Amino acid sequence: MPSERKEWNGLNARQRTYLEAIFREDQQRENDIRLSQSVSKRSGTATQWRKIPFSIHADPAFTGYTAVQDRLREAGQLDSGAGATLRALQRRGLLSLSVDEVEVVPLGFVPQTRVELTRRGRATTRAGLEEPTRPRRPAHLLSEWLWKTLVTVAKAGQAGLPADQLVGKPRFFLGTGYRPQGRPSRGYIDLVVVDGSTRDQAPVAERRWMLTERGHEHISTYRATYREWYPNVAVNLPHE
């Protein structure tokens, strides 16, 4: 990245500190989204969560400091010249600025400045900090929250996972017979009727999620790969 490195070298120390603080928060948010079990419900689209609050235009006694401001305070770089530094980075095409409103009790709605790294800004910061770009997940692998769901069903074994324990969108992407966003689901799990009664009860039919043959095959084939991608998801399955 010779051009990005050159861009980084052309920044002064203060501008680099601001860019790094925003970049760290951007990456923290991206990581939180990646680990989220329900991205659409918690955080919205990337165009929304990448717009990071920088400052709330009110007394900090009421608002406190944003995450980016806290990073800059630790670096000793948060002062009245913050706006000029942000505008300088904006002129270079490294970030964009926007203003909206946020409710602050007891002040009501007050203006809030948000910052968003551009692709150029993100690439420039990575080059300057010598941080590699996170590799893209291959299309045949599940996202972490779908993999975690598949493992949960697999751990239930032959008894199956009660239907009410699998809620939200995972079933549409993993279950047979669904077409999320117009595309066939993976078909790794299926909702089947089983006998959920005990010796002391009359027969009771329950619906439970169980792995399909495709689900078993997927886990068997890519289990080691998933351990590398998602080390925090324990994969101690019955058939192991």
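E130 lies in the loop between helix α8 and helix α9. The model described here is predicted.

**Backbone features in loops**

- E130 has a positive phi of about 55°, although E130 is not a glycine.
- Most residues other than glycine have a negative phi, and most peptide bonds are trans.
- The relative accessible area of E130 is 66%, and since the cut-off for exposed is over 50%, E130 is therefore exposed.
- The peptide bond that runs from V105 to P106 is cis, and its omega is near 10°.
- P106 sits in the loop that lies between β2 and β3.

**The three-stranded sheet**

- Three strands make up an open sheet, ordered β1-β3-β2, with antiparallel pairing.
- Strands β1 and β2 (95-104) are at the edges and each has a single partner strand, so one side of each is left without a neighbour in the sheet.
- From one strand to the next, the twist averages 35°.
- Strand β1 (residues 52-56) pairs with strand β3 (residues 108-117) over four bridges, in the antiparallel sense.
- Two residues of this pairing can be located directly: P53 stands opposite R114 in β3, and I56 has Q112 of β3 as its bridge partner.
- Strand β1 is mostly covered, with four of its five residues buried.
- In a regular strand, side chains alternate between the two faces of the sheet.

**Helix α7 on the sheet**

- Helix α7 (residues 82-91) packs on the sheet and touches β1, β2 and β3.
- The direction of α7 makes about 135° with that of β2.

**Helices α1 and α8**

- Two packed helices are described by the angle between their axes and the distance between the axes.
- Helix α1 (residues 2-9) packs with helix α8 (residues 119-129) at an angle of about 80°, and their axes are 8 Å apart.
- Angles of 65 to 115 degrees count as roughly perpendicular, and α1 and α8 are therefore roughly perpendicular to each other.
- On the α1 side the contact is made by E4, R5, E7 and W8.
- On the α8 side the contact is made by R120, A123, T124, T125, A127, G128 and L129.
- Sorted by class, the residues in the contact of α1 with α8 are four nonpolar, three polar and four charged.

**Nonpolar cores**

- The largest nonpolar core has 21 residues.
- The residues with the most contacts inside this core are L142, W147, L150, V153, L174, I189 and L211.
- Two or more residues of this core are given by each of α9 (144-155), β6 (205-211) and α11 (213-229).
- Helix α9 supplies the largest share of this core, seven residues.
- Beyond its neighbours within four places in sequence, V153 is in contact with L161, L166, I189, W209, M210 and L211.
- A second, separate core has 18 residues, including L11, A21, I52 and A82.

**H218 in helix α11**

- H218 is located in helix α11.
- The relative accessibility of H218 is 4%, and because buried means under 20%, H218 counts as buried.
- Not counting residues up to four places away in sequence, H218 touches H140, L142, L150, Y188, R223 and Y226.

Methods
Residues numbered from 1 in each chain as written. Predicted model: local features only at pLDDT ≥ 70, side-chain atom pairs only at ≥ 80, totals over all residues. Heavy atoms only, no water. Axes fitted to C-alpha atoms, helices over the stretch in contact; angles between N-to-C directions. Parallel < 35°, antiparallel > 145°, perpendicular 65-115°, else oblique. Contact = heavy atoms within 4.5 Å. Nonpolar A, V, L, I, M, F, W, Y, C, P; charged D, E, K, R; others polar. Buried < 20%, exposed > 50% of the residue type's maximum accessible area, 1.4 Å probe, protein only. Pairing = 2+ DSSP bridges. Core = buried A, V, L, I, M, F, W, Y, C linked by side-chain atoms within 4.5 Å.
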